[in-house]
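Here are some notes for a first reading of this structure. They are set out as numbered points.

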Amino acid sequence: MSYNLLKGKKGIIFGALDENSIAWKTALRCHEEGAELLLTNAPVAMRMGEINKLAATVNAPVIPCDVSSNEDVLNLIVKAKEHFGGGVDFILHSIGMSINMRKGKHYTEIDYGFNAKTLDISAMSLHRVLAIAMKEDAINEWGSVVALTYIAAQRVFPDYSEMADAKSLLESVARSFGYHYAAKKHVRINTISQSPTRTTAGSGVKGFDGFITYAEKMSPLGNASADDCANYCVTLFSDMTKMVTMQNLFHDGGFSSTGVTGEVIEKMEK
Ligand SMILES: NC(=O)c1ccc[n+]([C@@H]2O[C@H](COP(=O)([O-])OP(=O)(O)OC[C@H]3O[C@@H](n4cnc5c(N)ncnc54)[C@H](O)[C@@H]3O)[C@@H](O)[C@H]2O)c1
């Protein structure tokens with residue numbers, strides 16, 4: 001069902017890899033709500049070809065961009081302005097990559113070169129996108145930027161490894177840049193802290209099955225799905241949430257405020 005919440009708005013969606021991606025579902029919902037979109041992902045992700053299916057469905061151009069490259073981000077922002085004939089109203093940053101996890105390196109023995117790359121792709125890329133967008137004046141007044149994060153930024157989930165540090169940094173960048181962009185152009189910047197979700201990035205975390213089931217049992221509403229997350233993104237891109245900025249917003253079925261649930265107690269007593 002569409003409420004036309006994004007009618008007349010234009011947005012850039014980073015990170016739609018396949019149909020399970022949170023960015024993929026968000027692109028579909030934004031399109032349903034009347035937004036015009038531009039899709040982007042890393043060139044290596046694009047070679048898998050999936051994104052073209054989404055592009056055809058939501059009638060959007062696709063521009064490759066490795067977010068760790070200044071040139072790629074500048075090229076994307078310039079092309080987006082050309083395509084839309086001006087600035088955008090929203091941006092979704094739905095990007096995560098841990099090189100140490102991928103290489104099987106334990107948190108206590110990380111390679112710092114890999115770690116620098118992880119922090120750059122997963123966190124400082126938000127700064128890079130915002131800094132270049134600000135310089136090029138590519139986000140309209142009262143625009144909205146959302147980045148996706150996880151509660152491992154606040155609490156320890158041992159197998160989340162260096163991504164926990166990356167998410168802390170990402171949330172901090174959203175707050176810090178949120179101040180400057182609000183003061184300059186009323187642009188708001190928030191992070192959504194999402195429940196564990198079955199996607200390529202999510203399933204890369206060791207012990208993911210146990211992880212997602214535990215979260216389900218520890219959340220009074222259950223885990224929030226990728227579709228739920230897409231709906232939440234739509235509200236944050238809409239004018240209904242104009243005064244929300246510099247926040248880390250938990251979208252987790254109540255997990256973050258729950259000490260224990262009846263279901264978990266019952267299991268422990270067996
Ligand atoms: N899946 C979960 O359990 C979960 C929970 C909370 C938060 N998140 C966050 O949600 C976001 C989206 O992840 P997802 O779960 O949809 O998985 P996903 O694997 O579908 O998406 C991750 C995306 O990051 C992109 N990416 C990686 N390196 C890049 C680079 N150098 N340049 C540009 N793009 C690059 C990938 O191509 C991919 O499209 C991530 O920030 C993730 O950490 C996921």
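1. How many residues surround the ligand, and which are the closest? In this predicted model, the ligand is surrounded by 26 residues. The closest are Ser21, Gly96, Thr199, Ala201 and Gly202.

2. Three elements may be looked up next: α1 (22-32), β4 (139-149) and α8 (200-203) are the ones that give two or more residues to the shell around the ligand. The most comes from α8, which gives three residues.

3. On the make-up of the shell around the ligand: 13 of its residues are nonpolar, twelve are polar and one is charged.

4. Arg188 lies in strand β5, which covers residues 188-194. Arg188 counts as buried because 25 other C-beta atoms lie within 10 Å, where the cut-off for buried is 20 or more.

5. Which residues is Arg188 in contact with, leaving aside its neighbours within four places in sequence? They are Ser144, Gly178, Ala182, Val244 and Thr245. As for Ala35, 153 residues separate it from Arg188 in sequence, and the C-alpha to C-alpha distance between the two is 18 Å.

6. Two helices pack against each other: α4 (residues 70-84) and α6 (residues 112-135), at an angle of about 50° and with axes 10 Å apart. The crossing of the two helices, α4 and α6, is right-handed.

7. At the contact, α4 supplies Asn70, Val73, Leu74 and Ile77, and these meet Arg128, Val129, Ile132 and Ala133 in α6. By class, the residues of this contact are six nonpolar, one polar and one charged.

Notes
Residues numbered from 1 in each chain as written. Predicted model: local features only at pLDDT ≥ 70, side-chain atom pairs only at ≥ 80, totals over all residues. Near = placed C-beta within 6 Å. Helix = DSSP H or I, 4+ residues; strand = E, 2+ residues; numbered from the N terminus. Nonpolar A, V, L, I, M, F, W, Y, C, P; charged D, E, K, R; others polar. Buried ≥ 20, exposed ≤ 12 C-beta atoms within 10 Å, placed from the backbone. Contact = placed C-beta atoms within 7 Å. Axes fitted to C-alpha atoms, helices over the stretch in contact; angles between N-to-C directions. Left-handed = near helix turned anticlockwise from the far one by under 90°.
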